[in-house]
Amino acid sequence: MRAQTEESTTEESTTPADAAGIETVTVVGAGTMGSQIAAVAALAGFRTHLVDIAQEQLDAAAEQLRRRFDRDVEKGRRSRAQVSAAWERLGTTTDRDAAAAASDIVIEAAVEDLTIKRRIFSELDAVCDPGTILATNSSNIVSSRVADAVEHPERVCNLHFFNPALVMECVELVPHPQTSPETMERAAAFTRALGKTLVTLRKEIPGFVANRLLNAIRQEALSLLDQGVADFEDIDAAARTALRHPMGPFELMDLVGVDVVHMIRQAEYEQTGDPESLPHPMITDLYEAGRYGRKSGRGWYSYP
Ligand SMILES: NC(=O)c1ccc[n+]([C@@H]2O[C@H](COP(=O)([O-])OP(=O)(O)OC[C@H]3O[C@@H](n4cnc5c(N)ncnc54)[C@H](O)[C@@H]3O)[C@@H](O)[C@H]2O)c1
């Protein structure tokens, strides 16, 4: 990986041929999601700029990716040549506007804060060519909520990756009412060129498809527990051993973070105004008790 230089934006393209003219990618936000999305793009052959407001965050992301790539090579998941080529294509910078202006698609993966996202989109809109796709990786904020902050809403959509983005195959592509068919086609071609499985939504809805399915299972599990039908350990066991889910809904909440589950439901409620969207009272109880799951040592289960 390199820090971005003048020459780094004028290198020869090594881009996949069938990516609808997309050659250069900028990912805004170098946290959990952005760093791996950038790595996915670089591995797929795209020249990629990873951007953050904090240089320390870029350094930490580069270090984590370097360790991850080394481990992948050791375990035979990727060749040294693949990783070295991806590393060459991947640059980090705090100069978001220069990177975005030189890109064919910008994927925003900054903090889940509507005000910040709206500002980022309006600033990107001002510096990017109108043909540049502006996508948000938000889990819950539908793109119409940022599209009305830009002059060219037709190039805005959600492109939702799953955590960890280097591993998870699914990417959801979600239009808002003004997203153009061309944006959808190009974003779809780009996603396929990443080697991901594309799930296209016809219209936007908070949570999209996969997280809504997950949420439906979670809500039912909470309801069964609340009604005293079974203990949470048994509900988890049923999900694992009868449905072949890799883990039960309560184990998964502990892994994702009870605080994150709580935050997602609150964010959905703010968008829908529907009391059904509010966190389940049992989630609120855990959240208020600081029982966030694995990260705090205790959630549904204890992690001594
Ligand atoms: N974590 C997940 O499991 C997950 C899964 C799917 C989607 N998402 C979505 O992805 C987005 C990022 O989530 P995350 O978990 O990677 O967050 P994170 O907190 O790990 O990273 C966010 C990064 O954004 C940076 N940032 C903040 N303001 C910025 C700005 N104005 N410009 C550029 N960078 C800025 C921060 O410095 C930080 O490095 C969110 O919208 C979230 O909803 C998260």
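Trainee: How far apart are the end C-alpha atoms of residues 207–303?

Mentor: This is a predicted model, in which local features need pLDDT of at least 70 and side-chain atom pairs count only at pLDDT 80 or more, while totals for chains, interfaces and linings use all residues. Residues are numbered from 1 along each chain as its sequence is written, and side-chain values use heavy atoms, without hydrogens and water. An unreviewed UniProt entry places "domain: 3-hydroxyacyl-CoA dehydrogenase C-terminal" at residues 207–303; such annotations may be inferred rather than shown by experiment. With helices (H or I, at least four residues) and strands (E, at least two) taken as DSSP runs numbered from the N terminus, this span is 60% helix and 0% strand, and its end C-alpha atoms are separated by 29 Å.

Trainee: What are the helix and strand contents of residues 24–203?

Mentor: For this span the unreviewed UniProt entry gives "domain: 3-hydroxyacyl-CoA dehydrogenase NAD binding". Its end C-alpha atoms lie 27 Å apart, and its contents are 44% helix and 21% strand.

Trainee: Which element gives the largest share of the shell around the ligand?

Mentor: The shell holds 22 residues, of which M33, D52, Q57, E112 and K117 come nearest; a residue belongs to it if one of its heavy atoms lies within 4 Å of the ligand. By class there are 10 nonpolar, 9 polar and 3 charged residues, with Ala, Val, Leu, Ile, Met, Phe, Trp, Tyr, Cys and Pro counted as nonpolar, Asp, Glu, Lys and Arg as charged, and the others, Gly among them, as polar. The largest share, 3 residues, comes from α5.

Trainee: Where is P164, which is joined to N163 by a cis peptide bond?

Mentor: The bond between N163 and P164 is cis, with omega about 0°. P164 lies in the loop between β7 and β8 (170–175).

Trainee: Which residue other than glycine has a positive phi near 55°?

Mentor: The residue is in the loop between β1 (2–3) and β2 (24–28). With phi near 55°, it is A20.
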